[in-house]
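Here's a quick briefing to read alongside the model. Have the sequence and the 3D view open as you go.

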Amino acid sequence: MTATPIPRTLSMALEGLRDFSIIATAPSRRLSVNTLVVQDDESVIQEAILREIRRGGQIFFLYNDVASIQQMYDKLLDLLPELRIAIAHGQMPEQQLEQTIKDFIHQRYNLLLCSTIIETGIDIPNANTILIYRADKFGLAQLHQLRGRVGRSHHQAYCYLIVPEKVTRDAEKRLDAIVNTSELGAGFNLAMHDLEIRGAGEILGDSQAGDIKDVGLSLYTNMLKKAIRKLKNSDLLDDNKDFYCEINLNANTILPVDYCENIHERLIYYKRLANAETLEQLELIYQEIIDDYGLPPDPVRNLINMHQLRLAALPFGIQKIDVNTASINLVFIDKPPVEPLKIIMLMQQLKTCKYDGKNKIIWQVRSDNVASKIANVEKILQLLA
């Protein structure tokens, strides 16, 4: 996967329905394209064109309205009379179009006023500036492909996205995504943005637009993962994969504001920790938090320990653990994957442990601090194992 795939293809790859690999290594000496969103202003257009001409380069000016492309030609000539401008679009005769492109390659023109016909297949190393007029009307994949027409040598390339003063909300999302993913090898991240904005379509149908925009990318992918996992596996826990183990240590388990000030980043970490499915994933997130913010305070360590207990409790079908100073309460799902004999042995070993007949085990044990609460929960899980 080197460019932007259609969202449905990417969604199927992410969910394990088809294999994919990512080529994220750029050619040597290649620089990322400097992408800017600018207003439709003659002085900005003039400055961008002159900068490229002064260093001996060429320019693509993408104007995707063939009916009025001659008017844009006249406007550019009025702006910069010294420009040598060629026009290229799909309604031109084939031989004339081919000759125009050849002349541009041989630098007989320094600006190519064109439609989206250059979207694929054009490789002109000397053209390192592209101006996309009314970029808000283009899709994310299209913008990515058009931006890829420049920056095909070791020179710094520029992509100007020319937009009106007001754009739609979806257009604003697309423009933000294309600007924020301008580094080399960012095609995969851009495809993820495209998937979230446009939707994943129908997995087995013909429609490219689907319901993902209504339920959100995260919920949609989680639902699809669960469905695929149920089809692939047939273990005892598989019928109960939808449950989530809730841990209540009655202690401070947060990312403090004075430790991680950005609320958006805190929410992202909370979500990643909640979605972690293995201890290895949890450890990687923990190390990332430490790398970003330094040594963690007690609430952060409590947060990580809570999620470690959550992962340890899932194989036993435990959907809730409530710990207070006087007892530990374990609530199981219906038909948990635990042999009844182990429950009996547990109560024999822990004399103050009882089963109340409602999928619930209560262990009356003293836990004076967070460390003892965690240790007691780990002990009861070890005995269940």
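What share of the contacts in the protein with a separation of 6 or more comes from residues 24 or more positions apart? They account for 70%, where contact means heavy atoms within 4.5 Å. This is a predicted model, so to speak: local features need pLDDT of at least 70, side-chain atom pairs count only at pLDDT 80 or more, and totals for chains, interfaces and linings use all residues. Residues are numbered from 1 along each chain as its sequence is written, and side-chain values use heavy atoms, leaving out hydrogens and water.

**Overall**
- You'll find 14 helices and eleven strands in the protein, taken as DSSP runs numbered from the N terminus (helices H or I, at least four residues; strands E, at least two).
- Of its 385 residues, 42% count as buried (under 20% relative accessible area, with exposed over 50% and partly exposed in between; 1.4 Å probe, protein chains only).

**Cores**
- The largest nonpolar core has 40 residues, and Ile 318, Leu 330 and Phe 332 are among those touching the most other members; such a core is a set of buried Ala, Val, Leu, Ile, Met, Phe, Trp, Tyr and Cys residues joined through side-chain atoms within 4.5 Å.
- Helix 12 gives the most to this core, with seven residues.
- Apart from it lies another core of 31 residues, including Leu 97 and Cys 114.

**Helix 6**
- Ala 171, Arg 174, Leu 175, Ala 177 and Ile 178 are buried in helix 6.
- They sit on the same side of helix 6 because they cover an arc of only 160° around the axis, going by the directions from the helix axis to the C-beta atoms.
- On the other side of helix 6, Arg 169 and Asn 180 are exposed.
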